[in-house]
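User: I would like to go through the labels used for this model and see what each one rests on. Please set the values against the cut-offs as we go.

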Amino acid sequence: MHDRQIYSTLTIAGIAPFLACALLPFAGYETIDPFGSLEQLVAGYGLAILSFLTGIHWATQLYSPGKVPMNLFIVSNVIFLFVWLAYAAGGMTMTLLAQVIAFPVLLLIDYRLEKVGMITRHYLGMRFIATSVASLSLLLILVS
């Protein structure tokens with residue numbers, strides 16, 4: 001996590017679809033043909049981003065297993081499995097609620113990783129921004 005420009009750019013780009021799916025309905029768009037409804041798009045995109053974040057935790061566990069304050073293989077997989085089950089078995093509301101829960105929980109894990117020196121404060125700050133924007137976007141979608 002030493003290349004600030006790369007991960008900062010990727011973080012900002014990564015939250016753009018959440019914002020778009022939350023704000024486009026206010027401009028009269030409910031679907032993007034041929035992809036489907038904005039809710040379906042953000043649910044699938046959120047699942048992909050959560051998979052990416054848990055993959056980062058796996059990499060962290062692999063490259064420094066002795067420094068990690070918890071077993072990220074297990075913790076991250078439990079969180080992702082929770083979201084995936086909501087996506088596979090629940091409705092759209094359940095899927096989005098699961099993601100609203102999962103993003104902050106993964107941020108809390110990153111907070112713990114920052115406290116033991118495994119990630120930088122700047123990276124944690126970027127994760128906080130991304131988590132806030134993604135979670136607020138998902139909540140806006142849920143209430144609209």
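User: Why are α1 and α5 called roughly parallel to each other?

Analyst: In this predicted model, helix α1 (residues 4-23) and helix α5 (residues 121-143) pack at an angle of about 5 degrees, with axes 8 Å apart. Angles under 35 degrees count as roughly parallel, and α1 and α5 therefore get that label.

User: Which residues make the contact of α1 with α5?

Analyst: On the α1 side they include Tyr7, Thr11, Ile15, Phe18 and Leu19, and on the α5 side Tyr123, Met126, Ala130, Val133 and Leu138. By class, the contact of α1 with α5 divides into 16 nonpolar, four polar and one charged. Arg4 of α1 is among the contact residues, and Arg counts as charged.

User: What makes α2 and α3 roughly antiparallel?

Analyst: The axes of α2 (38-63) and helix α3 (residues 72-89) cross at roughly 170 degrees and come within 9 Å. The cut-off for roughly antiparallel is an angle over 145 degrees, so α2 and α3 are roughly antiparallel to each other.

User: Which residues of α2 and α3 are in contact, and how do they divide by class?

Analyst: Among them are Leu47, Leu50, Thr54, His57 and Trp58 of α2, with Phe73, Asn77, Phe80 and Trp84 of α3. The contact of α2 with α3 has eleven nonpolar, eight polar and no charged residues. Gly44 of α2 takes part, and Gly counts as polar.

User: How do you know that the chain agrees with a compact globule?

Analyst: The rule for 144 residues gives a radius of gyration near 15 Å, and the chain has 16 Å, which agrees. Along its principal axes the C-alpha trace spans about 50 × 35 × 25 Å. The chain holds five helices and two strands, in the order α-β-β-α-α-α-α from the N terminus on.

User: What lines the largest pocket, and what is its volume?

Analyst: The volume of the largest pocket is about 330 Å³. Of its 18 lining residues, Leu10, Thr11, Phe52, Leu53 and Arg127 are the closest to the centre. α1, α2 and α5 each supply at least two residues of the lining. By class, the lining divides into 14 nonpolar, three polar and one charged.

User: Which residues of the second largest pocket count as charged?

Analyst: The second largest pocket, of about 150 Å³, is lined by Cys21, Pro25, Glu30, Ser37, Leu38, Glu39, Ile141 and Ser144. Glu counts as charged, so Glu30 and Glu39 are the two charged residues, beside four nonpolar and two polar.

Methods: Residues are numbered from 1 along each chain as its sequence is written. This is a predicted model: local features need pLDDT of at least 70, side-chain atom pairs count only at pLDDT 80 or more; totals for chains, interfaces and linings use all residues. Side-chain values use heavy atoms; hydrogens and water are left out. Axes are lines fitted to C-alpha atoms, for helices over the stretch in contact, and angles run from 0 to 180 degrees between N-to-C directions. Helices (H or I, at least four residues) and strands (E, at least two) are DSSP runs, numbered from the N terminus. Angles under 35 degrees count as roughly parallel, over 145 as roughly antiparallel, 65 to 115 as roughly perpendicular and the rest as oblique. Contact means heavy atoms within 4.5 Å. On a 1 Å grid over the protein atoms alone, a cavity is a set of points where a 1.4 Å probe fits but cannot get out, and a pocket is an open set with protein on both sides within 12 Å along at least five of seven lines; lining residues have an atom within 4 Å of a point. Grid points are joined across faces, edges and corners, and a volume is the space filled by probe spheres set on the points. The radius of gyration is taken over C-alpha atoms; the globule rule is 2.2 Å times the number of residues to the power 0.38.
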